[in-house]
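Trainee: I'm new to this one and would like a close look at a single part. Could you walk me through one chain, and then how it sits against its partner?

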Amino acid sequence: MNTFGFIIGIATLLIIGLGFPLVIRGERYLGYLWWPYMMGIGFFTIIASLFILIDWLSVVTGVLGATFIWGSTELKEQAVRTELGWFPFNANKIKPPFEGVIKKWKAPHL
Amino acid sequence: MNWLGFIAAVTAFLSIWIGHVAVRKIESTSRTIWIPTVTALALGLITEYFSLITDNLSLKTAFGIIGITLLWDALEFTRQQNRVKHGHAPTNPNNPRHVKILTEHKSATTLDLLKRDPVGKLVSQDEGIKLIAGH
């Protein structure tokens with residue numbers, strides 16, 4: 001019996017907890033149209049985890065990547081929440097590169 | 001190459017996704033929230049027990065993540081009910097518990113105000129309702 005899995009579970013909870021401010025602040029200052037970039041960071045982070053030979057570090061990196069991908073799917077709904085006044089609304093967001101192209105894509109929501 | 005991080009990432013993503021959808025669906029249809037809460041709590045503890053006793057590192061990792069996600073979902077039933085009370089999630093008029101919430105909480109609504117695309121500006125409650133109607 002060893003507690004590796006349990007500790008990883010707790011670490012996952014803490015990393016996912018970081019995902020909440022990531023989505024809230026990310027949407028407030030950048031806007032939901034940054035979702036492809038957040039998703040891309042997530043995929044690259046998960047790929048990076050494949051090359052980390054220390055088990056716990058590989059797992060933490062993988063979960064961090066999953067959190068970024070999950071966060072990217074939450075940005076659109078968070079943008080609607082701010083428009084309804086449930087969270088602070090910021091009209092002066094930093095526009096993403098290739099904004100026009102991204103606008104034509106359907107932002108994911110799960 | 002070390003696949004443990006990848007396994008953890010896929011497990012975390014799927015368990016968050018499935019948990020997220022299941023909590024909303026079950027909270028909406030269940031007549032009580034204590035039964036789903038206790039069920040998720042029990043499943044979470046059983047899954048964590050499997051994580052402790054298995055010798056396979058991949059299974060240990062996956063069970064550890066799924067178990068903690070289930071324990072978090074147990075808390076989420078109450079949090080989701082609070083969202084329903086505040087009108088941040090829709091009530092189900094076919095659920096007697098939600099009908100009670102509708103009568104006791106003025107902010108509760110049957111409308112899902114989040115079911116639309118952003119428009120890039122602050123909107124009033126009425127505008128928000130019009131926007132979901134046109135979506």
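Mentor: Let's take chain B, which reads α-α-α-α-α along the sequence. That's five helices and zero strands. Chain B is more spread out than a compact globule, because its radius of gyration is 19 Å, well over the 14 Å that the globule rule gives for 135 residues. Among contacts in chain B with a separation of 6 or more, 47% join residues 24 or more positions apart.

Keep in mind that this is a predicted model, so let's look at confidence too. The average pLDDT of chain B is 95, and 99% of the residues score at least 70. Within chain B, helix H2 has the highest confidence, with a mean of 97, while helix H5 (residues 125-133) has the lowest, at 88. For the complex, the predictor gives an ipTM of 0.93 and a pTM of 0.93.

Now the partner. Chain A has four helices and zero strands, running α-α-α-α from the N terminus on. Its C-alpha trace spans about 50 × 30 × 20 Å along the principal axes. Of the 110 residues in chain A, 37% count as buried. For contacts in chain A with a separation of 6 or more, 75% are between residues 24 or more positions apart.

The contact draws 35 residues from chain B and 39 residues from chain A. On the chain B side, the elements giving two or more residues are helix H1 (4-29), helix H2 (34-53) and helix H3 (57-86). That side of chain B is made up of 23 nonpolar, eight polar and four charged residues.

Zoom in on one helix pair across the contact. Two packed helices are described by the angle between their axes and the distance between the axes. Here H3(A) and H1(B) pack at an angle of about 35°, and their axes are 7 Å apart. The crossing of H3(A) past H1(B) is right-handed. On the H3(A) side you'll find residues including A:Val59, A:Val63, A:Ala66, A:Ile69 and A:Trp70, and from H1(B) come, among them, B:Leu4, B:Phe6, B:Phe13 and B:Ile16. By class, the contact of H3(A) with H1(B) has twelve nonpolar, five polar and one charged.

H3(A) also has a partner inside its own chain. The axes of helix H1 (residues 4-29) of chain A and H3(A) come within 8 Å and cross at roughly 35°. H1(A) passes H3(A) in a right-handed crossing, and the contact between them has 15 nonpolar, seven polar and three charged residues.

One last stop, further along chain A. A:Phe98 lies in the loop between helix H3 (55-83) and helix H4 (99-104) of chain A. Check its backbone: A:Phe98 has a positive phi of about 60°, although it is not a glycine. A:Phe98 counts as exposed because it has 11 C-beta neighbours inside 10 Å, and the cut-off for exposed is 12 or fewer.

Key: Residues numbered from 1 in each chain as written. Chains lettered and ligands numbered in written order. Predicted model: local features only at pLDDT ≥ 70, side-chain atom pairs only at ≥ 80, totals over all residues. Contact = placed C-beta atoms within 7 Å. Nonpolar A, V, L, I, M, F, W, Y, C, P; charged D, E, K, R; others polar. Buried ≥ 20, exposed ≤ 12 C-beta atoms within 10 Å, placed from the backbone. pLDDT = per-residue confidence, 0-100. Rg over C-alpha atoms; globule rule 2.2 N^0.38 Å. Axes fitted to C-alpha atoms, helices over the stretch in contact; angles between N-to-C directions. Left-handed = near helix turned anticlockwise from the far one by under 90°.
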